[in-house]
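User: Hi! I'm new to this one, could you walk me through it?
Analyst: Happy to, here it is.
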Amino acid sequence: MMVMLILFALETWVDTIFVKVPPGDSVIIGETVYPSEFQKVPEWFRRDFVNQMEKLGKGQVVIDGCVQVGIKRDVLYYLKGDTLFSETGKGKKMIGTGIHSFNLWGNDLVYSLEDGSVLRNEKKIGIFKPPVLIGGGDVPVLMDGDGMVYAESGFLIKSFKPCGKESIPYVVSGKKIYIKRDHFFMRWEGLPVVSRGGKYKRALFWCDGHGRVWYKEWNNGWSIQEPVIPDSLLPEAEMGQALFFIDDTTILVSSPDGTLQFFRKRNKEWTELKRIDKGFSFATFVQHSGLLFAGLKDGRVLLVDRELKSVKMVDSVPSFASPAFFNGKLVIGGGDGYIKGLKTSRIPPPVRIASGKINGDNRDDLVAIGSDGKVRIFFSPDFREDSTSLPEVMEFATPSIADVDGDGQNEIVVSTLYGDVYVFKRKGGRFISVDTWKFIPMMGIGDLKAYFNKYLPPGRMFTRDDRVVDAIKKLLDNIDEKYIDEVAFCIAHMPSEVVRTMVHKGDIDVLINNARDIYEVAKSLPYVEIVEKDGYTTLLYEDKYELAREIYYYYVVLPRILYEIPCRVNISYWKHPPEFYGVDSLKWLQKRIDIYEDEGEFWRDVFIHDSLFGRTVVDAVRDARTIKEAVQKLQRFQSVAYKGNRMRFGYRTQDIQPLQIYYKSYGSCGEQSILQCAFARTVLIPNYVVVDRGEDHQWNHFWMPYDYKKDEIHCGEWHHQDVNGKIESHLANPWVSSEGMKKDVSAVVGWRGDDYQFPVTQCGYTETGEVNIKVIDKQGKPVDGALVVLRSHWNRRNTPTIWGYTDSEGKVIFQAGYEPYGYTIDVLSRSGLGGKKLFWLKEGDTVSIDIEIDAEGLGKVDIVKGMDSVAVSDAKTVFRGFNFITGTPYRISSKTLKKLGYAGSGIEELPAGKAVYTLKRRDDHYWIVNPMKNLYLKAMVLITHERENQTPEIYVEPEKLEIISGDSAVINIHVSDNGKLKGVCAVIDGRRVWSAKSSGRFVFYSGKGGPMLPGRYRIKFTAVDMAGNESIKYVELVIKPSSVFRDQIIHQDPSPDSVPRGSWVYGPVKVKSLPFLMVMIDSPDEVDLDLYVYRDKNGDGRVVSKEKIASSTGPTDKEVVFVKNPDDGEYWIYVNGCTVPEKTARFNLYTSFILNEKGEAE
């Protein structure tokens, strides 16, 4: 018997599906399908673009292959399109169609219909203005089409009650509530700040517009109570200078002005018991054998009774007496720098001391602090100074030793002139600050409400507007295809509210100018050229260095430099000097004008042709042959360090718009760095702004793929640039911008135009230590999605320097430098806040800090990464909240923008680190579950498929095509494959002209951007499947010559002042021995067009402004150029859209010649 074994080769491919899962939710894994109108957007960032459209629009797309899903017991509910399904182990059931939104209220299924009806368990319970969004949680909530929020709850009434358009959702003890705005004094007041334990275990606290703290306590319902002050470790002291525990329930605090305050603890709360207003200036106290001793500023040590009535002098030092009993003996720190009664070296005076048992040998130890703030500990038995176990306080401070927490071990308590109190506990041979955190106001953040605005939207529900999406679709439909990647990238990667505002202002077309400027400038710069790749564009420098794709788009193309809106601004006022208005320079600089009102200009358009600085920035680098030369010329062009330059340095302004800075020609390091970044991007040098926020300085990084100088410290291919100095000292010298300014640097970050910040401290600015912060709840479980802010105490300030969001393990890690005054850590979460008032970090050290807040943490999750043919990869988390800087308008004040609705950059997806998740399966469905409480899960799901290996089949019709130059034709493509097709594309002369995912209709334009020259071509159509199998078909193309080009497309073009510009270009036209050359244009749309003719005089293959031969620039659509006896050479014809109000228009062009197949004019 013969057995035949037939082996079939298998074709294997993997589908990549991106999912985004809300906190505590799950999604069914399905194929990601993008709307057809977005197919023009390059695939490598199409997902980001569609995500942006979802933020800007309303219900027009399903993002990342996810569908809305809910789980009740063993029933899975999901909404796909407008159809709601339920599914159990027995099968799937359709519940209804025409459904807009649904959710689970406890065990009840609630959904809304397109007409605004709301049904609960299939019974109609109300009708509202559509579309209606259904919220979830313990408290049923919904929002109507006007943004009005309604709630149903026992503590309101048994029916839906309106809560206002800007109500605040919040969760306390598992209850989600909406607090009405009407209860408060200002817009968005009443932001919940903390839910505390103890007496107020079930209470919600918030601050009103008058700084008072309110709370709502649960008593079978919510009600407004009288204002209260939340308890803390210590009450507020009036400039407390010395702290003394008389007993467990009594504290004595003295102040520099001589005031004494007694505080007593009653029912776990501290209250002021007694106050003595004068007579004890800079007093410190010690208690021994039931007696109370006071040391005074004049050097006396007094024995006093507890009522401070009987006084007797017992000893003295020259000044500033600080008494302590040390092993039964009175010792005194004094103003001469010595400790009377103890032999020590001199300490910077005055010396404050305290004694007590610290190291566990049952003998007294002594703590001394001098005016330098250094805490010196003299441990028994030898009493040698041990300064390594306690950080420097660096403030005029007074120590105490007491068992603050009642654990039987003494702590060191330090009070300062600023009213701060620090508690240090000995752990592992070191003293760690265990002080109680409290909010400390800072510049721009005066209260907790303002602080939370930097973290979470305070109940604001952004209006989604389909008009914005429609405007963007129209924009992409009416631009030259070669600009689509640049324009779409900017739309996808700028904050959503920035894009929305640009649309509302009518300036979204600035992005076309932005792209067009890049292409035009590249023609004039010898060190760089544009390179079109497969699906993207980039730059080639010095004929050998190709720029990475992401760097090109983020740091050359993106027109948003820092925090601004990259739109047209009206800066006409500053085009005239102060004398023109009869005002002094300061009033001229600080003139308040709404620069977003009326018509304006865009910075890249202006910088190309404006010569305010003596010449254009393009001219400044025109003869540079390398990136290094170009950067040096930019430094020389702008820097205030060079005599004769226009720019001036000063602190009188805080401008962020490049064009405003340019015409004022003034600013501090912030303005200087913004302008330099804009200049660099104008001349195609990748550049970004670098910020040392904690110590108040700002500069730049530029890209160059080689060392600027020997032994330079740099960040890969990024190099330091500080435009405030000369080339020799302020390029590629990180030290000059950091410690060279006599500053201790905390953290340095780079800023990207999508509001993403990234650390660059390691790039030569300072040595760092590592801070590992973990935020936990009362049970030690991690809290995800908490905002952690590191605040630098440089120059005795308390300024945010770097921040981040805790991941699924409750962790966030910072690299930071040494700060002599230390740091503060603030932690803000949805249900609690806290932090650490003071800690120090030494360079090279690693510090781990746990911060406990009153919140509900995340329990253990068993991660399931894959099953069968499905696997999860590249899982990460994002926090959906406000950017810490731009979430509210930062340095943007404009009535015009307020009318347009701009209130900050909007809700953003902020990176938060490590994720947890689990993968589940029921029948043929997989879904991914996000157990995290505050973070969104973003993951890549890989689904493996296998099929018999076959090559795709491709058919094209017609197979031969003849058209006149400038005309168009349709080609039909059909592709079939037994598996999944990867894509189809069409290429002419190595240039991709069309691509699609499958079969399609290809409209071939031979006149787009300018007519194809006569000749024979081949259009190559390639189909590729997921296994890499490839099929090719060719269409033979013949372009016939013509002297008439009808219905050509023109766009609005920038002015061609310094470089040739036009959205329709014809050339090269080879002219030899012609008696004349004539070109005419007209437009059936009657738009104003201009006509230019250039000759490539030097034969370098490109034309510049000085090579212009003739032009016709009248105010109508009809233009004529006539050149008699033209010189032999290559000519180029540019049609410039001078005024094209509808984005695109049609025109006709007529020539006196016709080209042969050699490109020669006849």
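User: How many salt bridges does the structure hold?
Analyst: There are 35 salt bridges, each being a side-chain nitrogen of Lys or Arg within 4 Å of a carboxyl oxygen of Asp or Glu. This is a predicted model, where local features need pLDDT of at least 70, side-chain atom pairs count only at pLDDT 80 or more, and totals for chains, interfaces and linings use all residues. Residues are numbered from 1 along each chain as its sequence is written, and side-chain values use heavy atoms, leaving out hydrogens and water.
User: What does Lys425 form a salt bridge with?
Analyst: Its partner is Glu411, with the closest N and O atoms 2.7 Å apart. Lys425 sits in strand β37 and Glu411 in strand β36, so the pair ties together parts 14 residues apart in sequence. Strands here are DSSP runs (E, at least two residues) and helices likewise (H or I, at least four), numbered from the N terminus.
User: Are Lys425 and Glu411 buried or exposed?
Analyst: Both are buried. Buried means under 20% relative accessible area, exposed over 50%, and partly exposed in between (1.4 Å probe, protein chains only).
User: And which residues are linked in a network of salt bridges?
Analyst: Lys20, Arg880, Glu909 and Lys938.
User: New topic: how many residues of helix α5 are buried?
Analyst: Nine of its 10 residues are, so helix α5 is largely enclosed by the rest of the structure. Among the buried ones are Val498, Met502 and Lys505.
User: What follows α5?
Analyst: Gly506 does, with a positive phi near 85°.
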